[in-house]
Amino acid sequence: MHHHLTPKKIGALAHLSMLSEVSATPKPGLVDRRTNGAHDDMDFFTFLASATALRTSFDTFAELGCAHAAEPVSALLPHLQAAGIIAERQMFAATHGVNTHKGMIFSLGLLSGVAGWAGARGESITAGHLCQLVSELTQGLTAAACEEARRKPAKERTKGEAMYMKYGVTGVRGEAEQGFPSVRNLALPVYRQRREEGASINDALVDTLLALVAGTTDTNILGRHDMDALRYAQAAARRVQSLGGMKTENGRAALVSLDEDFTRRWLSPGGSADLIAVTHFLYEIERCEEKKEKESVFQDTFSSVADGCSLSRLPL
């Protein structure tokens, strides 16, 4: 069955998810339209340059999925990894060496790849199914990365590797290998509810970010600081949630104060930011699927009515 979600449509959705994430304002400690948050090496325009450089990368991930649809999904990984390395180079060239989107290249790259794979096979493209496919695709990735971290001298370890050694936190790799549980169980339910209530994309994304900061181990905060800083951030996000977040005037004011507080303390929940982009992508890809199903039902009904009215059936 030919699927309506072409690689270009999948790529465009991933690209839009990146732009939506950086545009959501206010995001405590993060780059948004208002401030640079707890960052002195990047701003809103750095993210626009990076997202523009990556515009066709996600088409490529989805095209690779299509091209390997006859093989098991696990066969996709080396192809997506090779494309990911190229995408990272393009990002660093556009940002002069600043890491704006490395986490999103990984997460949205995997999701775009499996969406292309599933689409080419005529399989359903739901959030649950895509997350399950990413989980199958990445089995063993965390164990391999952790083994590599153990073998390296401490000073050569990346932030992610150092965090694993110190806290046992597996970061974005672990999240992908488990099929994005933080997104499925925490972020998507909040985002869906807010969008269904009629909230703007901006407000729904900010409230989803709050839920993630409050309820997950943000590896960016942990990597920059320690477990105490992470617990502080979680408790602070919960306080703002209790005031209503973007739904209330008090909540909005508290969010602006929290942004100033996180910036002062140099707290940047970058792991959660990546996951709101994933959340937006999965929400929108499901909406495309639902819309297509409705159109298909309408088309079938219209065709049967048209058949009944065709000229050849009319009495002469």
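**Exercise 1.** Find which residues are linked with R194 in a network of salt bridges.

*Solution.* Start with the term: a salt bridge is a side-chain nitrogen of Lys or Arg within 4 Å of a carboxyl oxygen of Asp or Glu. By that rule, the network links R194 with E197, D207 and K247. The structure is a predicted model, in which local features need pLDDT of at least 70, side-chain atom pairs count only at pLDDT 80 or more, and totals for chains, interfaces and linings use all residues. Residues are numbered from 1 along each chain as its sequence is written, and side-chain values use heavy atoms, with hydrogens and water left out.

**Exercise 2.** Work out how far apart the closest N and O atoms of R194 and E197 are, and whether each residue is buried or partly exposed.

*Solution.* First, the distance: the closest N and O atoms of this salt bridge are 2.9 Å apart. Next, accessibility: buried means under 20% relative accessible area, exposed over 50%, and partly exposed in between (1.4 Å probe, protein chains only). R194, at 8%, is buried, and E197, at 43%, is partly exposed.

**Exercise 3.** Locate K247 and E197, and say how far apart in sequence the parts are that this pair ties together.

*Solution.* Helices here are DSSP runs (H or I, at least four residues), as strands are (E, at least two), numbered from the N terminus. K247 sits in the loop between α13 (227–242) and α14 (249–265). E197 sits in the loop between α10 (181–196) and α11 (201–215). Their salt bridge spans 3.8 Å, N to O, and the pair therefore ties together parts 50 residues apart in sequence.
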